[in-house]
Amino acid sequence: MCNTLFSYDALWGLVLPISVSFRVCDIWRGYWVQRLLWDVNGSLSFTKPTVDQIRNAHNYLDDFNDELRIYNQTAKFIDFLDSWKSTSKDLEDRIVDLMKAMAENKFVEYRDVDLAERWVKDLQNVGYIFPKVTPYEKQTVQTTLFAHEEPRLRLQKTRQLSNNALKQCQLEEAVIDPPMSRIQITESRVVREDSSAKFKDILLIVNFNHPTYAAITPYLSIYAPYFPNIAFYGPKVPAHLHDIVTEVPYDKGFTGYRSLADAIHKYPDYAGYLYTNDDAALNVFQLAQLDLDKVWKRVPDLASEVHDRKKPPPSDWFWWGKPEIKRVWDDPQALTADQRNRIAAFSGVDGLVEISAPGDAAYVPGRLSAEMAHVLDKFVEHKVHLEMALGLALVAVEPTEKWEKRWQEKYLWAKEERADWREYLKEGVGMIHPVKLMTDARARKDVALWIESVNVV
């Protein structure tokens, strides 16, 4: 809220939260003030700037880290403010009431409640006259606020402006601000569709099998410009990340798909759900060419990835023949008759069958999401291993002939493949696993180039 003018009737809105970062406090205050303005028939208006800002050189990556709460909590905060109500008859009481509710919902800490109470008391002591609470027409406010059905978590700058600004910063600050070079965003050599618009109604679900959360910042530096909506899941979440990462049990990825099921339950209104792990690299522009109404996953190979339990397994893979899948088949609530028929039609096996599939990336369209979440919930209940669960679940909810045929994934199982992973950064490949982004700045740069569909040489 830089370059903002407050009238006398809005003087009460000048207080800044002290329990959130400097990069967040004025944004949070803006939402808080706007909600209370509704209760006094107040308005918020915008005009051209009255100042020219010359930015000082500083560490933009630190800014980005300080702003993570905005990227991850804003949608939830708006929903909270939209539903918040107070029976208090005076604005001064509502100021404190709303701050208390924000603390209860972990948008701020309780020291901001104490601050709000002291602030109101100070204003009263100097004779400030609070505006009267006036009934407002909620539908009118909502019509204005949500005039366009755009995602609530979006970067406001275009791709081109972001690139130009970044390049300018790197030129001006390369010497005095070396950490700036760690943010790797590159321009496309080909004019392409704005992928952030393509994925505006898609939720990207990023699962951490291990608590390696230092990867969040480099991950966001690459993917936040394309995916307006990102949900992180993982085990042993430290306190400072509770607002950013949803905690799941630490089983080293054994049931990593529970993150997909939980996200569908928690955020049920998205047009689609793209599930991945933090060490999978996604080619955003390749994915933008795919059909968002189809399943994205390589169809399991009938010869090597399907096991009729009445016969020997197709390989000596450790997970074949475990009791968990049998428990699923024996559970009448786990799979419906239609789902069992789809599995039989694909596998050619009538009855107990196993289907394996690598579990580091998959896309589920919204029309299948509720059904998929129910199946995955049952797999979690019976403790089915990730790579035995995901493929079987996808086959159960959608015939494979309807899956997206253009999806390509590359798994680097061999040690020498992992060492030479850049050889697989080719246009057309949608996902590569594993690619570690946490500490390798060159890796981040090469992945960013690959995202632009430029072959890395």
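Predicted model: local features only at pLDDT ≥ 70, side-chain atom pairs only at ≥ 80, totals over all residues.
**Exercise 1.** Determine how helix α4 is oriented relative to helix α5, and which residues make the contact.

*Solution.* The axes of α4 (residues 91–104) and α5 (residues 111–125) come within 9 Å and cross at roughly 170°. Angles over 145 degrees count as roughly antiparallel, and α4 is therefore roughly antiparallel to α5. On the α4 side the contact is made by Glu92, Ile95, Val96, Met99, Lys100 and Ala103, and on the α5 side by Asp112, Val113, Ala116, Glu117, Val120 and Gln124. Sorted by class, this contact has seven nonpolar, one polar and four charged residues.

**Exercise 2.** Find where the partners of the salt bridge between Arg118 and Asp114 lie, and state how exposed each residue is.

*Solution.* The closest N and O atoms of Arg118 and Asp114 are 2.8 Å apart. Both residues belong to helix α5, where they are four residues apart, about one turn of the helix. Arg118 is exposed, at 53% relative accessible area, whereas Asp114, at 35%, counts as partly exposed.

**Exercise 3.** Locate the partners of the salt bridge between Glu354 and Arg309 in the chain, and decide for each whether the residue is buried or partly exposed.

*Solution.* In this salt bridge the closest N and O atoms are 2.9 Å apart. Glu354 lies in strand β7 (residues 353–355) and Arg309 in the loop between β6 and α12, so that the pair, 45 residues apart, links distant parts of the chain. Because buried means under 20% relative accessible area, Glu354 is buried at 0%, while Arg309 is partly exposed at 23%.

How values were computed: Residues numbered from 1 in each chain as written. Heavy atoms only, no water. Axes fitted to C-alpha atoms, helices over the stretch in contact; angles between N-to-C directions. Helix = DSSP H or I, 4+ residues; strand = E, 2+ residues; numbered from the N terminus. Parallel < 35°, antiparallel > 145°, perpendicular 65-115°, else oblique. Contact = heavy atoms within 4.5 Å. Nonpolar A, V, L, I, M, F, W, Y, C, P; charged D, E, K, R; others polar. Salt bridge = Lys/Arg side-chain N within 4 Å of Asp/Glu carboxyl O. Buried < 20%, exposed > 50% of the residue type's maximum accessible area, 1.4 Å probe, protein only.
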